[in-house]
Amino acid sequence: MLPKSITSYLADHSGIEVQSAQNVSGGSINQAVKITSNMGDFFLKWNSSAPDDFFTKEAEGLTLLNSAKSDLRVPEVIVAEKPGESRPAFLLMEYIVEGRSGNSFTFGKELAKLHQTTAPQFGLETDNYIGSLPQSNRMHDDWPSFFSEERIIPQLKLAIDSGKMDRSLLANWDRLASKLDELLAPTKPSLIHGDLWGGNYLFDSSGKAVLIDPAVYYGHPEMDLAFSKMFGGFSGDFYEGYESVTALEPGFSDRVQIYNLYPLLVHVNLFGGHYTSQAMQLLNRF
Ligand code: ADP
């Protein structure tokens with residue numbers, strides 16, 4: 001149930017008088033509602049046990065994606081707050097009315113345009129989260145070292161320290177990491193969504209793709225495309241749209257497995273179970 005501490009905060013600080021709240025399902029981490037108010041409809045999510053800066057970081061990510069030169073829609077952030085005295089952290093944003101179908105070709109095309117936003121280094125000025133796990137964005141000059149040191153090793157160590165995986169797998173990763181310069185295609189550091197699986201976009205009522213729940217940083221554009229294939233893949237139109245702007249480098253399909261070791265390890269740390277055996281099998285091949 002929507003905590004009263006949030007509704008009174010919104011009334012006192014933003015003049016938003018909540019008239020009704022309707023549960024929204026689908027989120028894996030937070031509680032969420034659609035609220036109807038004197039100022040219109042909003043989407044609100046909160047969490048009493050998340051790290052203090054969980055939603056302010058999500059808001060920064062949404063705002064960064066929104067500022068990029070792409071026609072992808074990103075919900076506008078209205079209020080993002082750390083926890084207050086007996087009030088949970090929360091994020092209030094524009095409510096997106098979902099449509100029945102969407103234009104996947106344009107989604108792919110606009111994602112490729114988003115990826116044209118570049119930075120001098122890989123990483124981001126601040127760390128953030130992927131799901132509920134911390135994501136380190138310490139800057140690196142080259143992609144293979146960023147991918148190994150800020151993506152794979154922290155997740156692998158977390159899995160080892162929590163007893164889910166065996167320490168010997170670090171040596172397997174080291175073997176693969178030493179070959180990453182040859183295996184991974186070079187790129188400029190590009191703004192990416194960072195957690196682009198099927199649950200992290202919607203189509204609005206005009207059929208336009210809307211990005212939600214980002215884990216942004218400047219990384220390799222192929223990371224977003226690999227994530228999109230994590231659970232079966234997006235529609236063929238999406239990849240055609242992407243390639244109408246930016247052609248994929250040869251060998252992309254061979255690299256997907258390496259990239260997707262990251263979301264796989266995130267799943268090991270969040271959910272364990274069969275993801276653990278899948279990740280171990282993959283690492284044992286190196
Ligand atoms: P969580 O952070 O808990 O995973 P999400 O941000 O993924 O939660 O949101 C849960 C569900 O709420 C999504 O699957 C989507 O259907 C819906 N949703 C998310 N953001 C909005 C929004 N701005 N407007 C309308 N619905 C949204």
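Predicted model: local features only at pLDDT ≥ 70, side-chain atom pairs only at ≥ 80, totals over all residues.
In strand S3, Leu44 is the bridge partner of Val33.

S2 and S3 run antiparallel and are joined by 7 bridges. Between S2 and S3 lies a hairpin of 2 residues. On S1, the pairing with S2 is also in the antiparallel sense, and it extends over 5 bridges. Two pairs illustrate this: Gln22 stands opposite Lys34 in S2, and Val18 has Ser37 in S2 as its bridge partner. For those new to the subject, strands of a sheet pair through backbone hydrogen bonds, and the pairing may be parallel or antiparallel.

What is the order of the strands in the open sheet? The order is S1-S2-S3-S5-S4, so written for 5 strands with antiparallel pairing. At the edges stand S1 and strand S4, residues 77–81, each of which pairs on one side only. On average, neighbouring strands of this sheet are turned by 20 degrees against each other, with direction ignored.

Two helices accompany the sheet. Helix H1, residues 4–14, packs on the sheet and touches S1, S2, S3, S4 and S5. The direction of H1 makes about 60 degrees with that of S5. Helix H2 lies across S3, S4 and S5, and H2 runs at about 25 degrees to S5.

I now turn to the domains. The domain assignment of the protein gives domain 1, residues 4–94, and domain 2, residues 104–284. Taken over C-alpha atoms, the centres of domain 1 and domain 2 are separated by 26 Å. Where the domains touch, 20 residues of domain 1 are in contact with 26 residues of domain 2.

Rolling a probe the size of a water molecule over the atoms shows where empty space is left. How much space lies in the largest pocket? The answer is about 1,000 Å³. The largest pocket is lined by 45 residues, and the closest to its centre are Gly27, Lys45, Asn200, Ile212 and Asp213. Several elements give two or more residues to this lining, among them strand S1 (18–23), strand S2 (31–37), strand S3 (40–47) and helix H2 (54–67). Thus S2 and S3, which hold our opening pair, contribute to the lining of the largest pocket. Which element gives the most to this lining? It is H10, with 5 residues. From each of domain 1 and domain 2, the lining of the largest pocket draws at least three residues. By class, this lining has 23 nonpolar, 14 polar and 8 charged residues.

The second largest pocket has a volume of about 260 Å³. Its lining comprises 17 residues, and those nearest its centre are Thr187, His220, Pro221, Tyr242 and Thr246. Helix H7, residues 221–228, gives the most to the lining of the second largest pocket, with 3 residues. By class, the lining of the second largest pocket has 7 nonpolar, 7 polar and 3 charged residues.

To close, I return to the main picture: an open sheet of 5 strands with antiparallel pairing, and a largest pocket whose lining draws on both domain 1 and domain 2. Thank you for your attention.

Note on methods:
Residues numbered from 1 in each chain as written. Heavy atoms only, no water. 1 Å grid on protein atoms, 1.4 Å probe; cavity = no way out; pocket = protein on both sides within 12 Å on 5 of 7 lines; lining within 4 Å. Points joined across faces, edges and corners; volume = space filled by probe spheres on them. Helix = DSSP H or I, 4+ residues; strand = E, 2+ residues; numbered from the N terminus. Nonpolar A, V, L, I, M, F, W, Y, C, P; charged D, E, K, R; others polar. Domains from an automatic or database assignment. Axes fitted to C-alpha atoms, helices over the stretch in contact; angles between N-to-C directions. Contact = heavy atoms within 4.5 Å.
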